[in-house]
Amino acid sequence: MGFIVAIEGIDGAGKNTLSGALEKRLLDAGASVAKLGFPAYGRTPFADFADDALHGRLGDVADSAWAMALLFALDRRDMRDEVIAAAESADVLVLDRYVASNAAYSWGRTGDRAIVDWVREQEFGRHAMPVPDLQVHLGTGVAEAARRAERREASDAARVRDAYERDGGLQGRVAAAYSDLAAESWASPWHVAGDSAEGLAERILADLGRPIRPGG
């Protein structure tokens, strides 16, 4: 199975931008790359239920952090075979959000460490999701991330920020949760990243035992 790296961070942190830059850098170095993102909107019913809940279309489901955690866990469980196949097909599988996202957002909502342990037991244990080789905390500041999310919404008439994205207090708590998870190497090793993919790519290539070619 290939090297699995999960890019994590609050809404607007720049995960998609970093994962794209990382993919290019790895390809330039001669590594094959697969990419997947979560939630898998439009691909699993659980992701779409979560989207409905966060946009107020599913009654009071979004009021329960545990219910939302379950939907996100089941979304990944539905994609388990595809995650494994993608990891087996490439040197590196880049995931835009993964299990730690569920842990951080659930912890940020409840303040209860028990839900973090439950997410780990369910997703990596009961659902047997592959454990990433490396998890990346993209530590963009909360204010800057919020500005990016607002600009993204303003530039796309079809995009409406969900309840999590509009809650600045939650984003701050989730950022703190991510920092704590990274500090304790939750589930697997972590890398704290800036906006540049260079250092991250070099770490992954070193772990793969690949020569590091100059970036192009």
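Me: Is Phe124 buried or exposed in terms of relative accessible area?

Reply: Buried means under 20% relative accessible area, exposed over 50%, and partly exposed in between (1.4 Å probe, protein chains only). Phe124 has a relative accessible area of 14%, so Phe124 is buried. This is a predicted model, in which local features need pLDDT of at least 70 and side-chain atom pairs count only at pLDDT 80 or more, while totals for chains, interfaces and linings use all residues. Residues are numbered from 1 along each chain as its sequence is written, and side-chain values use heavy atoms, leaving out hydrogens and water.

Me: How many aromatic pairs are there?

Reply: A pair of aromatic rings is described by the distance of the centres and the angle of the planes. Rings of Phe, Tyr and Trp (its six-membered ring) pair if their centres lie within 6.5 Å; planes under 30 degrees apart count as stacked, over 60 as edge-to-face and the rest as tilted. That rule gives five aromatic pairs. One of them is Trp66 with Trp118, an edge-to-face pair with 5.6 Å from centre to centre and 65° between the planes.

Me: Which helices hold Trp66 and Trp118?

Reply: Helices (H or I, at least four residues) and strands (E, at least two) are DSSP runs, numbered from the N terminus. Trp66 lies in helix α3 (residues 65-78) and Trp118 in helix α6 (residues 113-126), so this pair ties together parts that are 52 residues apart in sequence. Trp66 counts as partly exposed at 38% relative accessibility, and Trp118 counts as partly exposed at 22%.

Me: What is the geometry of Tyr98 and Phe124?

Reply: Their ring centres are 6.3 Å apart and their planes stand at 55°, so the pair is tilted. Tyr98 lies in the loop between β3 (92-96) and α5 (99-110), and Phe124 in helix α6, so the pair ties together parts 26 residues apart in sequence. Tyr98 is buried, with a relative accessible area of 1%. Ring pairs link Tyr98 and Phe124 with Phe38 and Trp186 into a cluster.

Me: At what angle do α5 and α6 pack?

Reply: Axes are lines fitted to C-alpha atoms, for helices over the stretch in contact, and angles run from 0 to 180 degrees between N-to-C directions. The angle between α5 and α6 is about 155°, with their axes 8 Å apart. That makes α5 roughly antiparallel to α6 (angles under 35 degrees count as roughly parallel, over 145 as roughly antiparallel, 65 to 115 as roughly perpendicular and the rest as oblique). Their crossing is right-handed; a crossing is left-handed if the near helix is turned anticlockwise from the far one by less than a right angle, and right-handed if clockwise.

Me: Which residues of α5 and α6 make the contact?

Reply: Contact means heavy atoms within 4.5 Å. Val99, Asn102, Ala103, Ser106, Trp107 and Thr110 of α5 take part, with Arg113, Ile115, Val116, Val119, Glu123 and Phe124 of α6. By class, this contact of α5 with α6 has seven nonpolar, three polar and two charged residues. Here Ala, Val, Leu, Ile, Met, Phe, Trp, Tyr, Cys and Pro count as nonpolar, Asp, Glu, Lys and Arg as charged, and the others, Gly among them, as polar.

Me: How do the axes of helix α2 and α3 cross?

Reply: The axes of helix α2 (residues 45-54) and α3 come within 7 Å and cross at roughly 150°. The two helices are therefore roughly antiparallel to each other, and their crossing is left-handed. In α2, residues including Phe46 and Phe49 meet residues of α3 that include Met68 and Phe72. The contact of α2 with α3 has eleven nonpolar, no polar and two charged residues.
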